[in-house]
Amino acid sequence: MSKYIQEAIKKKREFLIKRLDQLGISRGAIEKLTLTELEELYASKKESRV
């Protein structure tokens, strides 16, 4: 995997973890999730806030 893709994935994970942490989800729990799981969790939390 290219360094560019790895860096993009890392930044996306960091963003999702930060946002989920702000929404009150335990940081320890969310750091163990895959990128796909983080995206799904963020989408579900974002929908529930609307």
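Lys-12 and Glu-39 join their side chains in a salt bridge, at 3.9 Å from N to O. The model is predicted, so to speak for local features pLDDT must be at least 70, side-chain atom pairs count only at pLDDT 80 or more, and totals for chains, interfaces and linings use all residues. Residues are numbered from 1 along each chain as its sequence is written, and side-chain values use heavy atoms, with hydrogens and water left out.

**Exercise 1. Work out which helices the Lys-12 and Glu-39 pair links.**

Step one: recall the cut-off, which asks for a side-chain nitrogen of Lys or Arg within 4 Å of a carboxyl oxygen of Asp or Glu. The N to O distance for Lys-12 and Glu-39 is 3.9 Å.

Lys-12 is in helix α1 and Glu-39 in helix α3, 27 residues apart, and the pair links distant parts of the chain. Helices here are DSSP runs (H or I, at least four residues), strands are E runs of at least two, and both are numbered from the N terminus.

Step three: check the exposure. Buried means under 20% relative accessible area, exposed over 50%, and partly exposed in between (1.4 Å probe, protein chains only). Lys-12 is partly exposed at 37%, and Glu-39 is partly exposed at 32%.

**Exercise 2. Find the residues that form a network of salt bridges.**

Step one: start from the total, which is three salt bridges in the structure.

Step two: take Arg-27 and look at its partners. Asp-21 bridges to Arg-27 with the closest N and O atoms 3.4 Å apart, while Arg-27 and Glu-31 meet at 3.2 Å, N to O.

Step three: join them up. Asp-21, Arg-27 and Glu-31 are linked in a network.

Asp-21 comes out partly exposed at 34%, Arg-27 partly exposed at 39% and Glu-31 partly exposed at 43%.

**Exercise 3. Classify the aromatic pair in the structure.**

Step one: search the whole structure, and one aromatic pair turns up.

Step two: apply the geometry. Rings of Phe, Tyr and Trp (its six-membered ring) pair if their centres lie within 6.5 Å; planes under 30 degrees apart count as stacked, over 60 as edge-to-face and the rest as tilted. The ring centres of Phe-15 and Tyr-42 are 6.1 Å apart with planes at 75°, so this pair is edge-to-face.

Phe-15 belongs to helix α1 (residues 3-22) and Tyr-42 to helix α3 (residues 35-49), so to speak distant parts of the chain, 27 residues apart.

Step four: compare the cover. Phe-15 is partly exposed at 43% relative accessible area, whereas Tyr-42 is buried at 14%.
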